[in-house]
Number of protein chains: 2
Amino acid sequence: MTDESQTRNNTESGSRRRGRSGGGAAARRATRQSGGTVKFPAISRMIKPYEVLNEEGLSIIEANAETILQEVGIEFRDDPEALQMWRDAGATVDAERVRFPKGLCRNLIKTAPAEFTQHARNAERSVRIGGNNTVFAPVYGPPFVSDLDNGRRYATIEDFRNFVKMAYMAPAMHHSGGTVCEPVDIPVNKRHLDMVYSHISLSDMPFMGSVTHPDRAQDSVDMAKLVFGADFVDQNCVLINLINANSPMVFDETMLGALKVYARAGQASIVSPFILAGAMSPVTIAGTLTQILAEAMAGMAFAQLCRPGAPVVFGTFASSISMQSGAPTFGTPEPSLVLYGAAQLARRLGVPFRSGGSLCGSKAPDAQASYESAHTLMPTLMAGVNFALHSAGWLEGGLVSSYEKFVMDCDQLAMMQKFAAGVDLSENGQALEAVREVGPGSHYLGCAHTQANFETAFFRSSIADNNSYEQWEAEGSQTADRRANMLYKKMLADYEGPVLDPAINESLIDFIKVKKDSMPDAFT
Amino acid sequence: MTDESQTRNNTESGSRRRGRSGGGAAARRATRQSGGTVKFPAISRMIKPYEVLNEEGLSIIEANAETILQEVGIEFRDDPEALQMWRDAGATVDAERVRFPKGLCRNLIKTAPAEFTQHARNAERSVRIGGNNTVFAPVYGPPFVSDLDNGRRYATIEDFRNFVKMAYMAPAMHHSGGTVCEPVDIPVNKRHLDMVYSHISLSDMPFMGSVTHPDRAQDSVDMAKLVFGADFVDQNCVLINLINANSPMVFDETMLGALKVYARAGQASIVSPFILAGAMSPVTIAGTLTQILAEAMAGMAFAQLCRPGAPVVFGTFASSISMQSGAPTFGTPEPSLVLYGAAQLARRLGVPFRSGGSLCGSKAPDAQASYESAHTLMPTLMAGVNFALHSAGWLEGGLVSSYEKFVMDCDQLAMMQKFAAGVDLSENGQALEAVREVGPGSHYLGCAHTQANFETAFFRSSIADNNSYEQWEAEGSQTADRRANMLYKKMLADYEGPVLDPAINESLIDFIKVKKDSMPDAFT
């Protein structure tokens, strides 16, 4: 039913964009394959993940996590059904506290797939989550947006649509994400409908469903069925969803409700302890990792109780706080070490891993923002993260989706894509003939090997200015945020959306109208 | 003779600075030990180096480098003595081209130490170069300086002295460096005297000698002898020096002359192919690595011909160029991969490794500068670089020493220091008692474990602003470069130098006067 929308694409916008962004052969191949916007496939890492824990360290943390699950337990709040499910599975339930016999959670998780495909309505944009793959998705959750022209303000559905469009246009963004910002101009009980519809209609990439209420999760599934067909949705993952633990060691009714809807529908749940270490977890790296592992295992195991085989992702959002002010801090060494360690723990569990992104605490797209973002994004890739939420646009500790930061970060994502390809050791890569041809004291600019390879040899940034000081000054001494400001406007001006089957579009619009008419607006 | 100057320190400035920068126990220990400025010891990495090449890849590159040395050869220009030394060592010399029998260079390098100590006049500041150690040194070479108040301008000796002072003040800067900027107000044939004197008098950290002429190298050695004593200098490394290859595959008279002086004096030479890939080396990573290895081996082997056992460092400065404009680019994926690969090759040779830093092409201390710098600095640490030149202050492709960038980068160095400590797996690090104490749904802010550890738990940035948006706005919406501007001024205002033995000081001043009086000023 979706064949047409999956294969048709606007070649106009594709041909205009072609060659503008650095990506060489991969980019050209991607363009050719999709017949549309220049788009890189999700990253298939050719480099090894970096590891900060040895076997002994991992074993200690795993044993301690089992101790927490056994002795301390996890609370499943305001959800009698969940408690009964745990009783039936062999756990001990005391009020809302669930304690797990040693190995129970780890065993339950064995039915979860090690990797899975999240289907997009354009099959070329479907992504594989797990293994050596890394999928980049935009920032998730900010109530504010900002740009240099209008400053910081509450987000609207127009902003939401803009971020979806920019994600669609960015070559190294593989996923449309979820709440790219909170459209606060739409009633809180209805905005999920407009958000999901924006992802479907303005993009053809995979996207995320709503988790703010079980009914909204169900609406997300129902809308996906209109696009993909009910049978397809039952047997395939078309939605991935962010289920935060309420750390320390609590899952609440809302998140459990959404998790149950998605798991039973066969859709993917990212079970993510949301940790500001020092507040929601111990102040140490190993202690934080232990708690993260316990929480994530309990949540992923619960998803398997809902439907064995339902895709789950071991997620974690971990940062630290300033022990002086209590403010969250980002891009610091301790969260990096947590990220590397958690990735190792996830691999040993045999499930995909979500963490990282381009996190920062800065209020402006300045040097602080980019130092901190780089110190999150590089570990994201090198740890072997499979699903990287917040990979572009995140500002001010996640309170703001920044237009400029979004395009600056996307440039970094393209760079990560190139880094992940590792070292080419083919004969062409070895380039011994080039050295023989050029010899001492000459240069390689005109040699045959350079001529044959120069187009794809080096990463080309869309933001960096490498001109001379004089030229830069003549062009107005623009700092990177100013150049990003121009670039985001160009992206939005150049945007031409993918085609959506009119029948599907109509069914979605009808669905939304019925839903919206069925309840009064709520703003809290 | 130098006991007094090595142990005395200005405790005034130390006590004023104490506790201001995040470093916790290590910082307090360092302060106590040196009795002076808060200063971290050089990094002793507890984390593994990251590797991008496997055994097969390394073997291919090593075999290809031997092929270059055998077949293509390296030119040693305008130095008949060097050519004769190579003939005597068994190489084939054809005009100025030296070709090396297979294994000759690698064998010669076996007399070089795997690691060595560079002594500082304050013994507490001596650094170990090699093994798991990482030493950070400031930017080297820019003819310009810049700050936000006065913009970009030619550097003067006053600027030079300021950067030496800031390096002395920065807790995570382990080395005073060399040409922190070019003091162009001093005649070119005399400025090395003022530079070396500034390092000795304004700092008590290890430093670098002049390489712009063999006589200036000799002056550097002679000045070091006045500080450390002639016998000590003959038997110990007190100077480390940057010997750039003139890539591809050329060493010129100036660099060879300086190398001979330093190697024969038992001082350390960093033999560094200076590569903009695509111009001075092939456009591929493996090809660039091959050429770097061949050049570095030839240079290090030559140092061993000068004096077996002379300390050498396998150096490389590698970046790429824009294949559109020819401009150098920084912080891109290809140089990162070269850096990781070259570090592996150096370890297999059994010599210390120099590369990396905080490189960028940006003209301003903005988001571009910090993205690019982070993407150089993190690989610097994770590759296992032993001596990191340019670790702070580098702007605009190395044309500019930036005051603001210097302090922003120093903040990053302190962060790397923390990251390198890895994961604490002690019982306190595991923090299982904290999890038991707090339990589900509570928080860790007040728990006993947090109270016991909060002071040293997390990295504290000196530049990042993690306050609320409202507070940040109330304080003038300062971006990171503005905050850095205030911080560098405070550092210079707070600076109080280390004590220098008056007799040594007098002998240095006399030496400089005699030298300066012996020749007319030269400005080219």
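Buried area, as I use the term, is the accessible area (1.4 Å probe) that two parts lose on being put together, summed over both. I worked from a predicted model, in which local features need pLDDT of at least 70 and side-chain atom pairs count only at pLDDT 80 or more, while totals for chains, interfaces and linings use all residues. Residues are numbered from 1 along each chain as its sequence is written, chains are lettered from A in the order in which they are written, and side-chain values use heavy atoms, without hydrogens and water.

**Entry 1: the interface.** I looked up the area buried between chain A and chain B and found about 9,400 Å², with 68% given by carbon and sulfur atoms. K363(A), Y371(A) and F458(A) supply 9% of what chain A buries against chain B, more than any other three residues. Counting contacts (heavy atoms within 4.5 Å), I noted 114 residues of chain A against 115 residues of chain B.

Entry 2: Helix α14 of chain A (residues 367–383) gives the most to the side of chain A that touches chain B, with 11 residues. Helices here are DSSP runs of H or I with at least four residues, and strands are runs of E with at least two, numbered from the N terminus.

**Entry 3: helix α18 of chain B.** I next examined residues 448–457 of chain B, where H449(B), T450(B), N453(B) and A457(B) are buried (under 20% relative accessible area; exposed is over 50%, and partly exposed lies in between, with a 1.4 Å probe and protein chains only). Seen down the helix axis, these buried residues fall within an arc of 95°, so they line one face of α18(B); the arc is that of the directions from the helix axis to the C-beta atoms. The face turned away carries the exposed residues A452(B) and E455(B). The cover over the buried residues includes α13 (333–349) of chain A, and α15 (403–419), α16 (427–430) and α17 (432–438) of chain B.

Entry 4: Most residues other than glycine have a negative phi, and most peptide bonds are trans. In chain B, a cis bond joins S247(B) and P248(B), with omega about 5°, and M249(B) has a positive phi near 60°.
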